[in-house]
Amino acid sequence: MTLLEVDAVSTGYGDTDVVTGVSLRVEDREIVTLIGPNGAGKSTLLKAIVGLLAARQGRIRFGGRDITGLRASSVVKQGISYVPQTQNVFPSLTVLENLQMGAYLSRAPIRNALEGVFERFPLLRARGGQRAGSLSGGERQMVAIGMALMLEPRLLILDEPSAGLAPGVVEALFERIRGVNQVGVAILMVERNAREALSFSDRGYLLVSGRNRL
């Protein structure tokens, strides 16, 4: 079943289109990786999917529903969580407070979601009272992904989760991402570690100059 369908979407900033007519799909429970050179429009496309940028042309569907033009808060409520590349945690808050902030749209008790995050990222339980700003880069990425999982999404979108991390840390983070997928969460991610990311992805897309290449 197709979970996310991006159909000929164009978007950008000001009067300039950065992404032109891009199409992709993510099936239920898949991992799909988006690669390409700097400036190819990868992050811009993710922002359009999650409602942070308006799609000027094309349609975006999630779970069969047209979500084109929805605000980001409404997109999240559909079951999509997004982790940006930078500024993705609250450094002055503790790990636990960050996770609680991740569930700010939830109307249900968050205990089960919190336990689910701790099961996938045991380190975060131990670091619960520590300020996020004092963590290592890899630990902060775990907090950021944990925050995104607090709403128990059907699709997790990650923008370069391994950026700036040491190779050993990258391997551990990718293992955690695979674990998230194995419990039923589909994943769409932009990655610069193309060879490693594609090795555990179901499919990949190559963007060049804002267009589908492969």
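Mentor: Strands (E, at least two residues) and helices (H or I, at least four) are DSSP runs numbered from the N terminus. The model is predicted: local features need pLDDT of at least 70, side-chain atom pairs count only at pLDDT 80 or more, and totals for chains, interfaces and linings use all residues. Residues are numbered from 1 along each chain as its sequence is written, and side-chain values use heavy atoms, without hydrogens and water.

Trainee: What makes S1 and S2 joined strands?

Mentor: Pairing takes at least two DSSP bridges. Eight bridges join S1 (residues 2-13) to S2, so the two strands pair, and they run antiparallel. Among the residues involved, Gly 12 has Asp 17 in S2 as its bridge partner.

Trainee: Why are S2 and S5 at the edges?

Mentor: The open sheet has the order S2-S1-S4-S5. S2 (16-27) and S5 (65-66) each have a single partner strand, so one side of each lacks a neighbour in the sheet.

Trainee: Why is Asn 88 called buried?

Mentor: Buried means under 20% relative accessible area (exposed is over 50%, partly exposed in between; 1.4 Å probe, protein chains only). Asn 88 has 13%, so Asn 88 is buried. Asn 88 lies in the loop between S6 (80-83) and H3 (95-102).

Trainee: What does the side chain of Asn 88 reach?

Mentor: The side chain of Asn 88 reaches the backbone oxygen of Pro 84 at 2.9 Å.

Trainee: Which residues does Asn 88 touch, not counting those up to four places away in sequence?

Mentor: With contact meaning heavy atoms within 4.5 Å, Asn 88 touches Val 83, Gln 141, Ala 144 and Met 147.

Note on methods: Polar contact = N/O pair within 3.5 Å; in protein donor to acceptor, adjacent residues only side chain to side chain.
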